[in-house]
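Please have the sequence and the three-dimensional view side by side while reading.

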Amino acid sequence: MRTFGAVVQALREHAGLSREEFAEMVRYSKHTVASVEQGRRMPDNDFVERGEVALGNTGALRKAAPHLTRKAGLASWFREWARLEAHALTLWTYECRVLPGLLQTERYARAITESVPPVKDEEQVIKQVTARLQRQRLFDRKPPIAFSFIVEQALLERGTGGPDVTRELLDHLLEQSSQFNVELQIMPRYQPDHAGFDGPLMLLESPDNKWFGYAEGQRSGILISDPKAASIMLQRYARLRSQALTPADSRSLLKQLRGAL
């Protein structure tokens with residue numbers, strides 16, 4: 001989006017137009033034009049088409065627009081990671097807050113989306129849930145991705161969305177964890193020696209065998225590309241794997257929790 005905005009600004013300045021003049025020609029406010037040029041706002045089709053006409057029909061905006069990386073419903077700080085994971089060879093996730101988005105059911109995703117302020121209207125909820133579920137197409141990718149998930153037992157016992165949602169979620173986790181390329185481990189409630197005290201983490205291996213990390217907090221996220229920092233995250237994940245239940249024991253626990261509902 002920043003690159004697209006820079007192209008718009010360069011073409012506008014080359015045409016000798018001020019933002020106010022260009023805004024009048026494309027029938028948007030000068031504030032909208034500024035937001036697009038600064039990469040803070042996704043241009044819609046009308047902006048692209050009117051901008052093309054105003055800037056000499058070079059074709060630059062029409063050809064650049066399809067490559068914009070924003071995905072509706074995904075947080076801005078997550079979009080670069082989403083782009084990387086689409087091509088990943090390996091994808092590892094540890095979560096202690098909610099079930100990872102790749103493992104969520106639609107009703108579970110809706111429950112957590114509706115629970116977290118600010119209050120959202122139905123359109124916002126649908127957009128966010130849809131974007132989260134669309135990421136699950138990664139399970140069908142060829143060549144397949146090697147997935148590993150480690151989740152805290154408390155997340156499965158929290159009852160998010162109520163008993164029906166939890167039953168459906170547990171059934172879904174049993175089904176997903178039976179896939180040949182998916183490893184699911186549960187971190188038991190009692191685990192005094194725990195390598196995840198710094199919070200959730202995600203790791204991926206790129207097609208050229210480089211490792212990237214990702215960490216997320218309140219309204220923010222950070223993509224970690226420095227090899228030393230990624231190495232530390234790999235060490236932590238390896239330790240978490242050794243501390244969690246084995247995949248077989250994790251499936252047994254899922255069945256026990258399902259039977260207790």
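Which side chain does the side chain of T32 join in a polar contact? The partner is S29, and the contact spans 3.0 Å; a polar contact here is a pair of N or O atoms within 3.5 Å, where within protein one must be able to donate a hydrogen and the other to accept it, and where residues adjacent in sequence count only if both atoms are side-chain atoms. T32 belongs to helix α3, residues 30–37, helices being DSSP runs of H or I with at least four residues and strands runs of E with at least two, numbered from the N terminus. T32 counts as buried because its relative accessibility is 11%, given that buried means under 20% relative accessible area, exposed over 50% and partly exposed in between, with a 1.4 Å probe and protein chains only.

The model is predicted, so that local features need pLDDT of at least 70 and side-chain atom pairs count only at pLDDT 80 or more, while totals for chains, interfaces and linings use all residues. Residues are numbered from 1 along each chain as its sequence is written, and side-chain values use heavy atoms, with hydrogens and water left out.

The strands make up an open sheet of six, in the order β3-β2-β1-β4-β5-β6 and with mixed pairing; two strands pair if DSSP finds at least two bridges between them. Because β3 (182–187) and β6 (220–224) stand at the edges with a single partner strand each, one side of each is left without a neighbour in the sheet. Within the sheet, β4 (residues 201–205) and β5 (residues 211–217) run antiparallel and are joined by four bridges, and L204 stands opposite F212 in β5.

The structure holds eight aromatic pairs, counted where ring centres of Phe, Tyr and Trp (its six-membered ring) lie within 6.5 Å, with planes under 30 degrees apart called stacked, over 60 edge-to-face and the rest tilted. One of them is the tilted pair of W92 and W211, at 4.9 Å centre to centre and 45° between the planes. Since W92 lies in strand β1 (residues 90–95) and W211 in strand β5, this pair ties together parts that are 119 residues apart in sequence. W92 is buried at 16% relative accessibility, whereas W211, at 22%, is partly exposed. Elsewhere, ring pairs link F22, Y28 and F47 into a cluster.

As E183 lies in strand β3 and R241 in helix α11 (residues 227–243), the pair ties together parts that are 58 residues apart in sequence. E183 is partly exposed at 26%, and R241 is partly exposed at 27%.

The count of salt bridges comes to 19. Among them, E85 and R135 meet at 2.6 Å, N to O, with E85 buried at 1% relative accessibility and R135 buried at 12%.

Technical notes:
Salt bridge = Lys/Arg side-chain N within 4 Å of Asp/Glu carboxyl O.
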